[in-house]
Amino acid sequence: MILQHVLVDNFKVFEDSVLLNLRADEYMDDDIHESGLYKGKYSKAVRSAFILGPNNSGKSCLIQAIRCIREFMFGRLPMDEMKPNPDSGSNVVELTMQFDYNGTEYEYDFDYDVSVMKDGKKKGFVRECFDRIDHDPEDPECISCYHLFSRDRDFDEYSLNCDKYRGRSILKKLPWDETTAYGHTDAFGNPVLEKCRDLLGEAASHMDIVDMNDISLKKTIETLKYNMPGKNRIIQFLKGAGLYIDGLEYRAEPEPEDTEGRGESEDGDESEDGDGPEADETCGINELDETELYGPEDWKGPDGDQVVFEDDLMRLYTCYNGIWYRTLERDSEATVKLIALSSYIVDALDNGKVLIVDDLCRFVHPNIVTKIIELFSCSGPDSQLIFTSADTSLLDGKIKRFRMDQIIFLDRDRTGIDVRSMAGLVFRAPTDRDCVDDDWRELYRHGRFGAVPDTNWDRFAEGIPEKKKKRG
């Protein structure tokens, strides 16, 4: 799955409409970092995007908007996050996502009124639409939208497959505060709604959104605990990350001596460094019995999501120089965060997913981030990485590791927020094209692209007491 663009209007800090455009810039040559481009049948998009801006510019709110769209596609309504801008005077949040899934482009968009009625329910959808984007084979720029389903409360209309009459009986049954495809489990027995539900659910399941400030180890533990396909890939990823980690294990019943060194086999002999790939992945430690290691415990929380218990966290071990330690007792917070993130990265790269990470560089070294971006550039055709950061070192000085359309600035002032790619800023203004070969980091620091904090501490500095001179 590849995101093409996200449109956000009247959502939290965004009073006016902003567009996160992930399509390749039409003014840039395709041979510039060609591996960083996804080339679909009719359109091109960047394989990774770096969202940069000062504090309180809306980076996290943009990620939250994408999360809300994903939850709506799943049929879950995250009303705690669906908050309109307090200055807009409107309670209607407008969100749109266009994406490429299995070679076909789709767009899901809706206007949702979060106002509460007398019965305690939300007013719900003002408009909801799920379209397939069709291109003219002879002129790819000529597109048409085919309504798989759409409904409009103002006009009291509902359509399926662009047919308004087929849906009128459904309109009376479907509450406005429920999503169309997931409003009822049987989808009214309608094959069109059933197909839409499958498409939206599958596409949403191909997006992972994580916040590095609150990332959980549950996905990594689940993969190790139940011996899922990505287990060895996670270990390989961590070995190559320069963390000096030689292995990672989940142990159901760890023996005390295992925390100090290599354990003993059942016949009392010390286990030797084994031969073959299995021994290499566990640093020579004999693996525990699978029925013990990956037992059939109930891992479902009350809302159906996977949960991690404290006991599971204390059963996660990392290996350094042949010695095993409990991860939470031995590793730094940043290392634990990267261990948690590793499962999402492996899943996205191996299964063609979109990985969206908020505040990536807070816990991950810029060199590691650069290598992760390279992994997404050389992966399968449907993997994409989108992340936010305030770390300007990723602008690389004079070593251009990004395309200009992969760098997206959020610039905020008293009047609103502007979202533009570096390519959009440079190639739309001919006088600025001379900066293509310059040091982007220095240009950014000096305000060439905007999106820098407008600090003014003159009055504050006047109130700082003067430093008293030491008496001799």
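The chain holds 14 helices and 18 strands, and the model you are looking at is predicted. Of its 472 residues, 49% count as buried. Among contacts between residues at least 6 apart in sequence, 64% join residues at least 24 apart. Here is a friendly tour, taken topic by topic.

**Helix 5 against helix 10**

- Look for helix 5 at residues 231–239 and helix 10 at residues 333–351; the two pack with their axes 9 Å apart, at an angle of about 120 degrees.
- Helix 5 and helix 10 are therefore oblique to each other, and their crossing is right-handed.
- On the helix 5 side, the residues that meet helix 10 are Arg233, Ile234, Phe237 and Leu238.
- Helix 10 brings Leu338, Ile339, Ser342, Ser343, Ile345, Val346 and Asp350 to this meeting.
- Sorted by class, the contact of helix 5 with helix 10 has 7 nonpolar, 2 polar and 2 charged residues.

**Helix 1 against helix 3**

- A second pair to find is helix 1 (residues 59–74) with helix 3 (residues 191–205), which pack at an angle of about 140 degrees with their axes 8 Å apart.
- Helix 1 and helix 3 are therefore oblique to each other, and the crossing of this pair is left-handed.
- Arg70, Met73 and Phe74 of helix 1 make the contact with Leu200, Gly201, Ala203, Ala204 and Ser205 of helix 3.
- This contact of helix 1 with helix 3 divides into 5 nonpolar residues, 2 polar and 1 charged.

- Thr223 sits in helix 4, which spans residues 218–225.
- With a relative accessible area of 9%, under the 20% cut-off, Thr223 is buried.
- Leaving out residues up to four places away in sequence, Thr223 touches Met228, Gly230, Lys231 and Ile234.
- Asn227 lies in the loop between helix 4 and helix 5.
- Although Asn227 is not a glycine, its phi is positive, at about 55 degrees.
- Asn227 counts as partly exposed, because its relative accessibility of 33% falls between the 20% and 50% cut-offs.

**Another positive phi, at Asn10**

- Asn10 is in the loop between strand 1 (2–9) and strand 2 (18–21).
- The phi of Asn10 is near 55 degrees, which is a positive value in a residue other than glycine.
- Asn10 has a relative accessible area of 5%, so this residue is buried.

- Met404 belongs to the loop between strand 16 (384–389) and strand 17 (407–413).
- At a relative accessible area of 2%, Met404 is buried.
- Follow the chain from Asp25 to Met404 and you find them 379 residues apart in sequence, yet their C-alpha atoms are 8.4 Å apart in space.

**Cysteines**

- The count of disulfides comes to 0.
- Cys129 is in no disulfide: the nearest cysteine sulfur belongs to Cys145 and is 7.6 Å away, whereas a disulfide needs the two sulfur atoms within 2.5 Å.
- Cys129 counts as buried, because its relative accessibility is 6%.
- Cys361 is buried too, with a relative accessible area of 13%.

Definitions and conventions. Residues are numbered from 1 along each chain as its sequence is written. This is a predicted model: local features need pLDDT of at least 70, side-chain atom pairs count only at pLDDT 80 or more; totals for chains, interfaces and linings use all residues. Side-chain values use heavy atoms; hydrogens and water are left out. Axes are lines fitted to C-alpha atoms, for helices over the stretch in contact, and angles run from 0 to 180 degrees between N-to-C directions. Helices (H or I, at least four residues) and strands (E, at least two) are DSSP runs, numbered from the N terminus. Angles under 35 degrees count as roughly parallel, over 145 as roughly antiparallel, 65 to 115 as roughly perpendicular and the rest as oblique. A crossing is left-handed if the near helix is turned anticlockwise from the far one by less than a right angle, and right-handed if clockwise. Contact means heavy atoms within 4.5 Å. Ala, Val, Leu, Ile, Met, Phe, Trp, Tyr, Cys and Pro count as nonpolar, Asp, Glu, Lys and Arg as charged, and the others, Gly among them, as polar. Buried means under 20% relative accessible area, exposed over 50%, partly exposed in between (1.4 Å probe, protein chains only).
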